[in-house]
Number of protein chains: 2
Amino acid sequence: MTLSPSVQSGSIAAQYATPGFGIENLPYASFAPGAGQDPRLGVRIGGQVLDVAAALADDGGASAAVRAAVAGPNLDLLLSAGRPVWDELRARLTALLGSADAAPALQPHLHSVDAVELRMPFTVADYVDFYASENHATNVGRIFRPDQAPLTPNWKHLPIGYHGRAGTVVPSGTDVPRPKGLRPEPEGTPSFGPSRRLDIEAEVGFVLGGSAPAGEVKLADAGNHLFGVVLVNDWSARDIQAFEYVPLGPFLGKSFATSISLWVVPMAALEAARVAPPAREKALASYLDDSAAEPWGLDISLEVALDGQTVSRPPFATMYWTPAQMLAHMTVNGAGLRSGDFFASGTVSGTEKDQRGSFLELSWSGKEPLPLDNGKELTFLEDKNEVVIRATAPGPDGSVIDFGEVAGRILPAV
Amino acid sequence: MTLSPSVQSGSIAAQYATPGFGIENLPYASFAPGAGQDPRLGVRIGGQVLDVAAALADDGGASAAVRAAVAGPNLDLLLSAGRPVWDELRARLTALLGSADAAPALQPHLHSVDAVELRMPFTVADYVDFYASENHATNVGRIFRPDQAPLTPNWKHLPIGYHGRAGTVVPSGTDVPRPKGLRPEPEGTPSFGPSRRLDIEAEVGFVLGGSAPAGEVKLADAGNHLFGVVLVNDWSARDIQAFEYVPLGPFLGKSFATSISLWVVPMAALEAARVAPPAREKALASYLDDSAAEPWGLDISLEVALDGQTVSRPPFATMYWTPAQMLAHMTVNGAGLRSGDFFASGTVSGTEKDQRGSFLELSWSGKEPLPLDNGKELTFLEDKNEVVIRATAPGPDGSVIDFGEVAGRILPAV
């Protein structure tokens with residue numbers, strides 16, 4: 001691979017960087033170096049994770065504020081510390097990892113990614129799930145409400161969202177038992193039992209920091225609160241959801257588990273991935289109107305694999321609403337923001353059939369099963385199915401930003 | 001007042017108990033004795049609050065587990081400790097406060113309620129809001145969806161609920177700025193601005209403890225997780241809610257603020273208030289079917305005052321779904337329960353006009369304004385309006401359990 005100009009020969013980056021995990025990325029995680037050891041904050045370079053607090057402990061180039069922000073077992077302290085500390089930390093890590101002189105002091109604080117245990121990267125405060133893909137919302141409208149216009153009248157006026165369950169956001173690799181609930185039956189009353197229409201939702205999630213107790217985070221101020229990105233699989237029981245969701249929205253059809261990837265890619269790593277969002281069809285309220293600024297979506301390419309076979313490639317660049325708009329919307333009513341708040345984009349679906357981010361859409365509610373390489377058909381999830389969502393985005397100078405993966409396996413109902 | 005038989009003359013209870021805050025109640029709070037002092041756990045008797053940790057520090061009758069559970073600044077440690085510790089603590093406090101011998105040692109740890117500052121009594125983990133009043137759901141259905149059956153087909157099969165915003169659950173006395181958002185207009189596109197239909201929802205909230213990571217809290221096990229009760233005012237911007245809520249439910253119309261009362265009344269104080277719920281019209285799924293047990297609602301009488309005038313008296317005894325059913329429902333899909341999880345009942349409305357728990361219902365969406373004593377009319381909330389919700393329930397031996405109040409004042413939009 002081509003090394004960034006800032007990387008010196010002999011530096012840690014020069015020795016360890018791999019495509020996707022070069023010095024342009026530097027995602028954070030909470031890791032325990034070994035069984036029984038306390039978790040700490042790490043930053044990834046190639047197949048190595050650097051113990052950040054240990055590396056900066058005696059570093060005269062890091063401020064006391066930065067050293068305090070990296071002292072915890074995960075990202076929580078750093079999220080609270082705010083944008084200036086985020087920027088200073090990233091600049092310092094970039095300098096150290098690219099410096100030949102710094103390499104000997106960093107070397108003892110490197111751990112192989114394969115040898116460590118990753119934990120939840122941050123404590124989720126509130127979790128909001130949006131519905132920001134026009135293709136997804138249109139598909140779902142056609143499937144669930146075939147007698148109505150596919151998009152509800154509000155859809156292009158505001159990014160629709162709702163609160164999910166923060167306590168069941170789980171780390172990648174967590175098994176997901178099939179949830180039970182009330183399922184509609186073709187005739188008569190609903191029946192209680194394991195979901196028969198268990199699904200995924202391939203989404204992109206945004207980790208927030210720098211609290212804003214009075215809410216009202218403006219579009220132009222969004223960068224002070226958007227810390228980084230994870231991949232999300234918002235598992236969904238479509239039958240339970242269909243019976244319960246009118247009039248107050250999804251509840252048990254979603255709340256059993258939401259899986260997230262374990263490496264938090266900083267927003268600063270995604271500047272080369274910024275793309276213009278689709279043209280807006282409706283004039284927007286002032287707090288959502290980004291036409292005078294330079295609105296940006298993100299060119300993140302997702303890949304959904306079922307039991308090892310790629311079944312979809314959802315393009316995040318097609319999202320109608322931008323991350324800044326989602327953040328401005330969720331706080332415009334004065335709802336305070338806390339560090340650790342988290343929002344996801346909603347299912348990412350492109351215009352093509354093989355770009356849909358849910359099995360509901362891929363199999364058109366089970367009516368058009370997709371043939372799989374293993375001789376089976378894809379409709380909804382079966383017990384023991386494993387779903388892995390991966391993603392990459394363009395980095396600077398032709399580099400690639402890798403998001404790692406969010407994986408989960410379905411267990412039989414308890 | 002008549003003293004409980006367990007109260008000795010000369011005891012703290014005998015000296016200080018008042019109607020509503022006798023030895024039968026003993027609600028908990030987080031209080032700071034004075035400005036700048038750290039908050040701690042308190043229990044109320046009459047107009048006094050006892051510093052629990054201080055009172056039990058040298059008490060040979062309290063176990064180490066109890067002393068550890070009361071050592072925090074609020075209820076969090078106690079909620080985690082679980083039912084046996086809750087029961088032991090209450091038994092010990094009842095014995096000490098009713099004992100003449102114990103009075104001299106307790107006396108230095110009493111503070112006048114008027115002299116202390118009350119704080120949030122616990123850290124809210126996830127917040128769920130239900131919709132458990134048939135009268136309320138019927139009224140709302142008639143107002144919002146006049147062309148359809150007032151109750152959705154699912155309503156009598158399960159307690160409908162959704163996740164609210166935990167980070168904006170605020171203590172009684174917090175001012176509430178009028179929220180802004182997109183409001184539907186009679187013609188054309190929606191407009192952005194301060195809510196014109198700001199409302200209250202008088203509810204009863206349940207504080208949960210004793211975590212259940214795998215969810216599935218059975219009806220019979222609900223008592224191990226229901227710690228206590230607070231009053232709730234779930235402020236609601238009806239215009240913002242009406243425009244946003246299809247298809248994913250309420251979001252910004254609710255998320256700006258939810259106020260709670262500051263004294264947490266233990267479930268153990270409410271055994272005399274148990275009442276049978278209304279007859280069930282539909283056969284229930286096994287996890288909700290309480291017909292073979294002794295199902296119980298709670299005979300809590302609420303009172304809603306607008307600027308000092310009582311405008312409604314909602315009866316919680318009329319709720320269709322019981323607290324145990326709500327808890328069983330929210331966990332049946334395997335959603336884990338954390339200590340500090342919190343759920344509210346949804347608006348409490350009785351069958352009569354003057355028993356409705358929202359202004360939406362009291363004024364029938366503004367079409368039937370209620371004349372007020374001050375010459376004004378009640379429709380929706382005006383700036384500077386103050387709403388206070390109080391409640392009582394029957395206690396043992398003819399006593400009364402007082403819940404205190406949840407109060408809040410509307411400020412002009414920012």
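Through which surface do the copies meet?

1. The copies meet through the same surface, because 100% of the interface residues of chain A are also interface residues in chain B. This is a predicted model, in which local features need pLDDT of at least 70 and side-chain atom pairs count only at pLDDT 80 or more, whereas totals for chains, interfaces and linings use all residues. Residues are numbered from 1 along each chain as its sequence is written, chains are lettered from A and ligands numbered from 1 in the order in which they are written, and side-chain values use heavy atoms, with hydrogens and water left out.

2. Extent of the interface. In chain A, 50 residues are in contact with 50 residues of chain B, contact meaning heavy atoms within 4.5 Å. The size of an interface is often given as the accessible area lost when the parts come together. Here the buried area is about 4,700 Å², and carbon and sulfur atoms give 63% of it; the term denotes the accessible area (1.4 Å probe) that two parts lose on being put together, summed over both. On the side of chain A, the residues that lose the most area to chain B are A:Arg165, A:Leu248 and A:Phe251, together 17% of what that side buries.

3. Polar contacts and composition. Between chain A and chain B, 22 residue pairs are in polar contact, both residues being at pLDDT 80 or more. A polar contact is a pair of N or O atoms within 3.5 Å; within protein, one must be able to donate a hydrogen and the other to accept it, and residues adjacent in sequence count only if both atoms are side-chain atoms. The side of chain A that touches chain B receives at least two residues from each of β6 (127–130), β7 (161–164), β10 (180–183), α8 (238–244) and α9 (323–331) of chain A. With four residues, β7(A) gives the most to that side. The helices (H or I, at least four residues) and strands (E, at least two) are DSSP runs, numbered from the N terminus. By class, the residues of this side divide into 27 nonpolar, 15 polar and eight charged. Ala, Val, Leu, Ile, Met, Phe, Trp, Tyr, Cys and Pro count as nonpolar, Asp, Glu, Lys and Arg as charged, and the others, Gly among them, as polar.

4. Salt bridges between the chains. Four salt bridges are found across the interface of chain A and chain B, each being a side-chain nitrogen of Lys or Arg within 4 Å of a carboxyl oxygen of Asp or Glu. In one of them, A:Arg165 pairs with B:Asp341, the closest N and O atoms being 2.8 Å apart. B:Arg165 likewise forms a salt bridge with A:Asp341, with closest N and O atoms 2.8 Å apart. The latter pair joins two chains, since B:Arg165 lies in the loop between β7 and β8 (169–171) of chain B and A:Asp341 in the loop between α9 and β22 (342–344) of chain A. Both B:Arg165 and A:Asp341 are buried, that is, under 20% relative accessible area, where exposed is over 50% and partly exposed in between (1.4 Å probe, protein chains only).

5. Salt bridges within a chain. Over all chains the count comes to 44 salt bridges. Among them is the pair A:Glu201 and A:Lys254, at 2.8 Å from N to O. A:Glu201 lies in the loop between β12 (198–199) and β13 (202–208) of chain A and A:Lys254 in the loop between α8 and β16 (258–260) of chain A, so the pair ties together parts that are 53 residues apart in sequence. Both A:Glu201 and A:Lys254 are buried.

6. A buried serine. A:Ser172 is found in the loop between β8 (169–171) and β9 (176–177) of chain A and is buried, with a relative accessible area of 16%. The side chain of A:Ser172 reaches the backbone nitrogen of A:Ala407 at 2.8 Å. Beyond its neighbours within four places in sequence, A:Ser172 is in contact with residues including A:Ile260, A:Leu262 and A:Glu405.
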